[in-house]
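Here are some notes to read alongside the model.

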Amino acid sequence: MATLCSSHPRTAASHDERGFSLVDILAVVAVLGIVSAMALPMTQSSLSAYRLRGDAQQVNNLVSLAKMRAASRFSRSRVYVDRVNNTYQLQIYDRTTATWVGESSANRLSTGIRFGFGSLDTPPPNTQNAIGMSAACTTDDGAGTVANTSCIVFNSRGVPVTIAGTTATPTGNNAFYLTNGDAVFATTVTATPLVRSWWSPASTSSWVRQ
C-alpha cells in the first residue's frame, strides 16, 4: 500500500517575525530629538517674525483710523503709545470735558515685541530728519508731557500736529517703531499727511516700503 505523505503548508509563523529591538527604537528617538532641536529655533524665529508683522500692521491701521476719526469727529485724535508697558490706544479729544478719552481699551504688543528701533541710526527715506519715536504725549491741558510715551496727533482736518498748550503746529516728523530684535517695522506719517509702513533688518538700516 502506498504510504500517504501529508503536506504541511508553510504558515506565517515560519517567517522571521522579529520586531524592532530596543536599540532600533532608541536610535529613532535620538534622530527625532536631533531634528526637533534643529527645527525649534527656526519655528520660534518664524513665529516671532509673524507676530512682529501682525503688530506692526495693527499699529499702522490704528494710525490711519485716527486720521479718519479726527476728520469725522471734527476734533483732535491721537494714537497713544506707552513705551514701558508696550501698549497703544486710539484716543479722541473731548472738547466738553477737555480730556483725552480712549475709544477702546489699550492694545498690548505680542510677546517678544516692543516699541523701539534697536541700534538703527537712519530713518526710512524722506520721513524724519533723525530716527526716533514720535514726541511724548501731552497732558489734557497740553501744558505738560507724559513720560515714556509717544503720540501721533491729528487735528480736525486729519493733519498731523504737535501740541503745546492750546497751539497745534503741523509736523511731518512722526514715526512709531516696533522690533523683535531681528527686524524693525516703522509706521511714518508725513505732513502731507501720508501714512506709510516700512521694514528693515535690525542689524543695519535698509528700509523697504511695505
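1. Let's start with a disulfide (a pair of cysteine sulfur atoms within 2.5 Å): Cys137 is joined to Cys151, with 2.0 Å from S to S. The two cysteines are 14 residues apart and tie together distant parts of the chain, Cys137 sitting in the loop between β5 (114-115) and β6 (149-154) and Cys151 in strand β6. The link is right-handed, with 95° about the S-S bond. A search of the whole structure turns up one disulfide.

2. Before going on, a word on what you're looking at. This is a predicted model, where local features need pLDDT of at least 70 and side-chain atom pairs count only at pLDDT 80 or more, while totals for chains, interfaces and linings use all residues. Residues are numbered from 1 along each chain as its sequence is written, and side-chain values use heavy atoms, leaving out hydrogens and water.

3. Are the two cysteines buried or exposed? Cys137 counts as buried because its relative accessible area is 1%, and Cys151 is buried too, at 5%. Buried here means under 20% relative accessible area, exposed over 50%, and partly exposed in between (1.4 Å probe, protein chains only).

4. Now the overall layout. Helices (H or I, at least four residues) and strands (E, at least two) are DSSP runs, numbered from the N terminus. Of the 210 residues, 38% are buried. The protein exposes about 12,400 Å², with carbon and sulfur atoms supplying 57% of it; these areas come from the Shrake-Rupley method with a 1.4 Å probe, and for residues only the protein chains shown count as cover.

5. Strand β10 is worth a look. Seven of its seven residues are buried. Ala183, Phe185, Thr187 and Val189 point one way from β10, while Val184, Ala186 and Thr188 point the other way. In general, side chains in a regular strand alternate between the two faces of the sheet.

6. What does β10 pair with? Strand β9 (residues 174-179) runs antiparallel to β10 over six bridges, with Asn174 opposite Val189. On the other hand, seven bridges join β10 to the antiparallel strand β11 (residues 195-201), where Arg196 is the bridge partner of Thr188. Pairing requires at least two bridges found by DSSP. Both connections are hairpins: three residues lie between β9 and β10, including Gly181 with a positive phi of about 95°, and five residues link β10 to β11.

7. Leaving aside neighbours within four places in sequence, Ala186 is in contact (heavy atoms within 4.5 Å) with residues including Pro124, Phe176, Arg196 and Trp207. The C-alpha atoms of Ala186 and Phe117 are 8.5 Å apart, though 69 residues separate them along the chain.

8. Last, the cores. A nonpolar core is a set of buried Ala, Val, Leu, Ile, Met, Phe, Trp, Tyr and Cys residues joined through side-chain atoms within 4.5 Å. The largest has 32 residues, and Val63, Phe115, Phe176, Tyr177 and Trp207 have the most contacts inside it. Among the elements that each supply at least two residues of this core are α1 (22-73), β9, β10 and β11. Its largest share, seven residues, comes from α1. Another core lies apart from it, with eight residues, among them Tyr93, Trp100, Val161 and Ile163.
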